[in-house]
Amino acid sequence: MTIRLRPGDAALSRRNFLITFGGVGLTVAFAGLPGAAFSATVAPAGAGDYRPNAWVFLDADGAISIVSPASEMGQGIMTTLPLIIAEEMDADWDKVRVVQSPSDAEKYGNPGFYGVQLTGGSESTRGYYKMLRLVGAQTRMVILATAADMLRVPVGELTTDLGKVEHKSSGRRLDYGEVAAAGYLPDPLPQATEADLKSPDKWRYIGRRDIPRVDVPSKVNGTAIYGIDVQRPGMLYGAVLRAPVQGERPKSIEDAEARAARGVLHIVPLSYGVGIIGETVEATLRAKELLQVTWSTSSRVRNYTSDRLLEEYRAAARDLGQAGVAAHSEGDAADAIAGAAKVIEADYMSDHVAHAAMEPMNATALVHGDTIELWAPTQGPTGTQAFAAEVLGTTPDKVKVNTTLLGGGFGRKAEADFIIDAVSLAKVVEGRPVKVIWSREDDIRHDKFRPLEAQHIQVGLDAEGNIVGWRHRIAADSIFARTMPDLFKEQHGHDDVVTEGARFNYAVPAHRIDYIRQDNGLDVGFWFAVGVGYTRFATECMIDEVAAAKGADPLQIRLDLLPDQPRGRKVIETVARMAEWERQRDGRALGLAYSDAFGTHCAQIAEVSLDRKTGAIRVHKVWCAVDPGVAIQPVHIEAMMIVGITNGTSQALLERIDIDNGEVQEANFDTYRVIRISEAPDIEVSVVPTPGSPIGGMGQVGLPPIGPAIANAVARLTGGVRLRHFPFLPERVKAALEA
């Protein structure tokens with residue numbers, strides 16, 4: 001692979017990636033956005049005069065600015081990606097300042113994510129990795145070429161070491177600042193190939209545990225700027241009253257009292273609600289309460305009752321005569337199961353869950369003529385540009401977006417409804433910025449929930465208990481049908497996100513996965529680990545059910561099913577040693593689960609106890625072994641695993657959205673329960689990379705195994721009581737115990 005970079009040029013050619021969000025009827029092309037300074041180590045965009053390419057700017061004083069193209073939402077990506085460039089260019093990390101990228105998919109799009117600037121899918125490090133290494137290598141080559149001209153020696157006689165160019169035969173040295181001060185670039189620019197990359201044994205930064213995150217100091221001292229912190233001169237505030245049922249519209253608005261409220265400036269009818277613009281947040285919220293709106297009653301979502309539909313989805317998944325779209329097919333699973341000595345089958349179900357990011361949806365917009373400036377905690381900068389442009393009737397290139405830090409994302413902040421709110425209101429008061437902040441209640445009730453889904457798995461065993469066929473049917477609404485209709489159509493109705501994780505690397509001779517789409521009108525969206533979060537729940541619980549049927553150790557059966565997967569075997573064996581798998585616990589039991597999703601191998605063991613009177617499960621400790629191939633920052637990987645396990649424990653035990661005739665019943669943390677610190681398990685993580693392996697994703701890896709590990713532990717603790725419905729609410733656990 002060779003990249004040809006000119007100053008300001010794109011690193012790679014990219015294709016536009018169009019995404020249509022059916023819920024708002026807008027077509028979007030994702031790209032990127034300019035950013036702001038967040039800490040002492042984060043520099044304003046555009047710093048530095050010596051620019052070997054669009055990613056690195058060098059100052060004459062030796063400061064090096066490196067662009068971070070992804071959104072920082074707590075995962076440390078603002079450190080990880082620039083560190084890759086710094087590694088290859090032999091930069092002194094102490095002199096590096098991180099710059100949030102501008103919105104420009106041509107320059108900063110993720111080659112592993114269709115070339116767009118969108119942070120999600122555990123694709124940031126995995127997608128950018130190779131390109132950023134080449135960018136760093138090419139930057140180093142440009143510096144060497146300039147230095148060779150300055151020293152009047154062949155470039156081949158020069159080397160670099162920690163921000164310095166050395167000519168060993170003469171003893172002369174130039175630091176990178178001196179090269180930058182020369183102010184000129186070689187023409188043509190040297191180009192990098194994979195042969196120019198450092199070998200891992202030469203890595204200075206990758207794999208080290210002592211490199212701190214650049215975003216943390218400002219978060220500790222309180223100077224970090226999240227979207228909700230943005231303040232602009234002359235700023236007004238906005239709120240939107242939405243219909244209680246998705247898809248309804250205001251038919252009549254009685255707003256006399258709201259208009260009369262102190263500090264209220266404008267009441268703005270919208271196609272999907274009623275907007276308020278005021279001088280303070282309190283004024284907008286007060287006016288929102290005083291509005292009297294008659295809503296339409298024609299939305300399909302009025303027929304949406306989640307309990308009833310989940311049973312319908314379950315029936316669809318179980319109905320083998322109802323054809324689905326093949327997500328994976330290897331061998332003839334149906335035939336293998338028909339001829340099996342024994343067949344095990346089970347249904348697994350998951351309720352809707354909300355994102356419940358600590359920072360609710362918000363955005364600030366300023367409209368001037370046909371231009372827009374936005375300040376937003378967004379995962380999808382390019383989409384933000386295009387949605388905003390659509391609202392104003394302008395073009396994306398006239399939309400400037402400042403990406404702030406995100407107070408949690410989990411896929412929710414890749415949506416654009418909060419962006420549309422801000423632009424819709426800002427255009428009413430052209431020339432004055434408007435900040436829209438959703439209330440927690442709005443955030444929960446009008447979320448794009450993780451899909452409701454039901455799964456049916458059939459496994460055929462031979463006379464010795466070996467798996468001969470595996471059939472997995474997944475019934476759920478589609479995320480892609482709303483967000484990526486063209487791709488959904490190209491894939492003949494397959495939703496890769498909804499079914500992701502169902503395909504595994506276990507050695508099963510016949511394996512079939514079908515997606516049975518359900519369509520009941522409700523918007524569903526990306527969530528933390530999305531499909532893998534529930535498909536691995538089903539598959540890892542079923543592996544344990546097979547082990548029980550065979551009378552085998554759940555750990556040994558997994559090892560037996562991974563004969564050609566040394567990385568998978570390694571994480572399972574590692575976590576077994578960590579947890580002392582063979583040791584019996586008084587009143588507690590261990591459960592194991594494994595995942596190879598996102599290109600990373602991960603095994604977890606949960607230690608649980610159970611209050612049989614109340615049905616309450618307590619997760620005391622979780623052990624985790626993870627192999628991402630290349631561990632760029634092992635400490636940060638450990639932190640991400642802790643986050644994933646904690647969130648996964650929460651969704652496995654507590655989180656549930658209930659929709660009754662289209663109305664969401666939960667509204668805040670009193671009714672939508674998430675895990676509390678006192679309920680969180682102790683977590684021990686071991687990062688066990690495999691040199692020479694491809695790099696895997698990390699952001700979502702920690703979540704999928706914990707749910708099935710808990711369920712499998714409960715089964716061992718109770719002598720075989722299976723929990724097959726997320727979340728494991730106490731009443732469901734009691735019902736299972738009494739069944």
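**Contacts, helix packing and cysteines**

Visitor: Leaving aside its neighbours within four places in sequence, which residues is Pro250 in contact with?

Guide: This is a predicted model. Pro250 is found in strand β12, residues 250-254. Leaving aside neighbours within four places in sequence, the contacts of Pro250 are Leu270, Ser271, Tyr272, Gly273, Val274, Val293, Thr294 and Trp295.

Visitor: What distance separates the C-alpha atoms of Pro250 and Pro269?

Guide: Along the chain, Pro250 and Pro269 are 19 residues apart. Their C-alpha atoms are separated by 8.0 Å.

Visitor: Are α16 and α20 roughly parallel or roughly perpendicular to each other?

Guide: Two packed helices are described by the angle between their axes and the distance between the axes. For helix α16 (residues 530-550) and helix α20 (residues 706-718), the axes are 8 Å apart and the angle is about 30°. Angles under 35 degrees count as roughly parallel. The two helices, α16 and α20, are therefore roughly parallel.

Visitor: Which residues make the contact of α16 with α20, and how many of them are charged?

Guide: From α16 come Arg536, Phe537, Glu540, Cys541 and Asp544, and from α20 come Pro708, Ala711 and Asn712. By type, the residues of this contact of α16 with α20 comprise four nonpolar and one polar, and the number charged is three.

Visitor: How is α19 oriented against α20?

Guide: Helix α19 (residues 634-653) packs on α20 with axes 8 Å apart, at an angle of about 55°. That angle makes α19 oblique to α20.

Visitor: Where do α19 and α20 meet, and how many residues of the contact are charged?

Guide: On the α19 side are Ile645, Gly648, Thr649, Ala652 and Leu653, which meet Ile706, Gly707 and Ile710 in α20. The residues of the contact of α19 with α20 divide into five nonpolar and three polar, and none is charged.

Visitor: Is the crossing of α19 and α20 left-handed or right-handed?

Guide: α16 passes α20 in a right-handed crossing. The crossing of α19 and α20 is right-handed.

Visitor: How many disulfides does a search of the whole structure find?

Guide: The sulfur of Cys602 is 3.8 Å from the closest cysteine sulfur, in Cys624, and this is too far for a bond. For the whole structure, the number of disulfides found is zero.

Visitor: Is Cys602 buried or exposed?

Guide: Buried means under 20% relative accessible area. Cys541, at 0%, is buried. The relative accessibility of Cys602 is 0%, so Cys602 counts as buried.

Note on methods: Residues are numbered from 1 along each chain as its sequence is written. This is a predicted model: local features need pLDDT of at least 70, side-chain atom pairs count only at pLDDT 80 or more; totals for chains, interfaces and linings use all residues. Side-chain values use heavy atoms; hydrogens and water are left out. Axes are lines fitted to C-alpha atoms, for helices over the stretch in contact, and angles run from 0 to 180 degrees between N-to-C directions. Helices (H or I, at least four residues) and strands (E, at least two) are DSSP runs, numbered from the N terminus. Angles under 35 degrees count as roughly parallel, over 145 as roughly antiparallel, 65 to 115 as roughly perpendicular and the rest as oblique. A crossing is left-handed if the near helix is turned anticlockwise from the far one by less than a right angle, and right-handed if clockwise. Contact means heavy atoms within 4.5 Å. Ala, Val, Leu, Ile, Met, Phe, Trp, Tyr, Cys and Pro count as nonpolar, Asp, Glu, Lys and Arg as charged, and the others, Gly among them, as polar. A disulfide is a pair of cysteine sulfur atoms within 2.5 Å. Buried means under 20% relative accessible area, exposed over 50%, partly exposed in between (1.4 Å probe, protein chains only).
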